Amino acid sequence: MRNCLLILIISLLSFACKFDNPEENTKPQIVATTSILADGIRNIVGENADVVSLMPAGVDPHLYKASVRDLDLLQNADMVIYHGLFLEGKMTEIFEKLAFSQNLINVSENIPQELLLRSGPEAHSVDPHIWFDVSLWSLALAHGSEELIKWQPEWKTTINKNTESYLSQLALLHQDNLTKVAQLRQANQALITAHDAFSYFGRAYDLEVLGLQGLSTLSEPGLRDLTGLVSFIVERNIHAVFAEQTISPKAIEAVVAGCANQNHEIKLAGPLYTDSLGAPESPAGTYIGMVKTNVQVIFESLTQ
Ligand SMILES: [Zn+2]
């Protein structure tokens, strides 16, 4: 009897607790495709919504295929936000289908065409890595913020306040990058990575950037690319090349070996965070942290 009473009290208490926190399970859920995008959106929406990343940290978005569980998550979310510019290359059809039934924001859709970099005339040859130019990423997030307000007008005050505060942090980050990278330019260095993720970075901060692989990790680097790159490194006395967190270092290791054959010792630095944040709570676990970590690693490796 006493046990029964105890169970009854515990049940009543947990029932009461649920009612004490009515908002616990009622926040809208926003699904952003990558950890980079989820972090930006989280800063904008604040406490209004739960923001989850479809792809976990460390995953390559160019090659990512949605699982059945992912499709459930996308369909059941209150809002889905994606990068666009074919970054999520294997999910294009999914977004086209979702557009009929789901709230959907493509954060890059309003970036002026003249600010985008391309490797050819085809639609998919646009470079999707806009987050490496902090000012361009700010434009994408500002668009996301406007679209979120259209969707939930009652969030307008908090979203505007959060966006203003976050974008001013990004403006400072952009300035810091300009100052640091100028020193590398003076030292005649260049940034060499496995895949072509840093073209926007190079343009924004005026640093020469070369990638061994194309814009997407789908293409395989050829021998000609390798030989050309090795000659460039030796001639310019480049101090380091960089591995990337979401990509196998095999191709870039071949560059290091190629340089060694020419009696030019070069560091394999990094890995740089390119298409994903670092683990949550790690220094590169936020967008700002990721950019700072990358710039620090690039700076130290190329100046020493
Ligand atoms: Zn990439």
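Helices (H or I, at least four residues) and strands (E, at least two) are DSSP runs, numbered from the N terminus. Please note that this is a predicted model, in which local features need pLDDT of at least 70 and side-chain atom pairs count only at pLDDT 80 or more, while totals for chains, interfaces and linings use all residues. Residues are numbered from 1 along each chain as its sequence is written, and side-chain values use heavy atoms, with hydrogens and water left out.

Is Thr193 buried or exposed? Thr193 is buried, because its relative accessible area is 0%; buried means under 20% relative accessible area, exposed over 50%, and partly exposed in between, with a 1.4 Å probe and protein chains only. Leaving aside residues up to four places away in sequence, Thr193 touches Phe198, Leu210, Gly211, Leu212, Phe242, Glu244, Ile252 and Leu272. Contact here means heavy atoms within 4.5 Å.

Phe198 leads us to the next topic, the cavity. Phe198 is among the residues that line the largest cavity, together with Trp131, Phe132, Phe201, Val291, Asn294 and Val295. Helix H10 (residues 287-303) gives the most to this lining, with three residues. The volume of the largest cavity is about 30 Å³, and the structure holds one cavity of 30 Å³ or more. As for the terms, a cavity is a set of points, on a 1 Å grid over the protein atoms alone, where a 1.4 Å probe fits but cannot get out, and lining residues have an atom within 4 Å of a point. Grid points are joined across faces, edges and corners, and a volume is the space filled by probe spheres set on the points.

I turn now to the sheet. In which order do the four strands of the open sheet stand? The order is E2-E1-E3-E4, with parallel pairing. E2 and strand E4 (104-106) stand at the edges with a single partner strand each, so one side of each has no neighbour in the sheet. From one strand to the next, the twist averages 20°. E1 and E2 run parallel and are joined by four bridges; two strands pair if DSSP finds at least two bridges between them. Ile30 stands opposite Val51 in E2. Across E1, E2 and strand E3 (79-82) lies H2, which runs at about 170° to E2. Axes are lines fitted to C-alpha atoms, for helices over the stretch in contact, and angles run from 0 to 180 degrees between N-to-C directions.

Finally, I come to charged pairs. How many salt bridges does a search of the whole structure find? The search finds five, where a salt bridge is a side-chain nitrogen of Lys or Arg within 4 Å of a carboxyl oxygen of Asp or Glu. One of them joins Glu47 to Lys27, with the closest N and O atoms 3.5 Å apart. This pair links distant parts of the chain, 20 residues apart: Glu47 is in the loop between helix H2 (35-45) and strand E2 (50-53), and Lys27 in the loop between helix H1 (2-20) and strand E1 (29-32). Glu47 counts as exposed because its relative accessibility is 67%, whereas Lys27, at 26%, counts as partly exposed.

Asp70 and Arg69 also meet in a salt bridge, at 3.4 Å from N to O. Asp70 is buried at 2% relative accessibility, while Arg69 is exposed at 58%. Thank you for your attention.

Methods: On a 1 Å grid over the protein atoms alone, a cavity is a set of points where a 1.4 Å probe fits but cannot get out, and a pocket is an open set with protein on both sides within 12 Å along at least five of seven lines; lining residues have an atom within 4 Å of a point.
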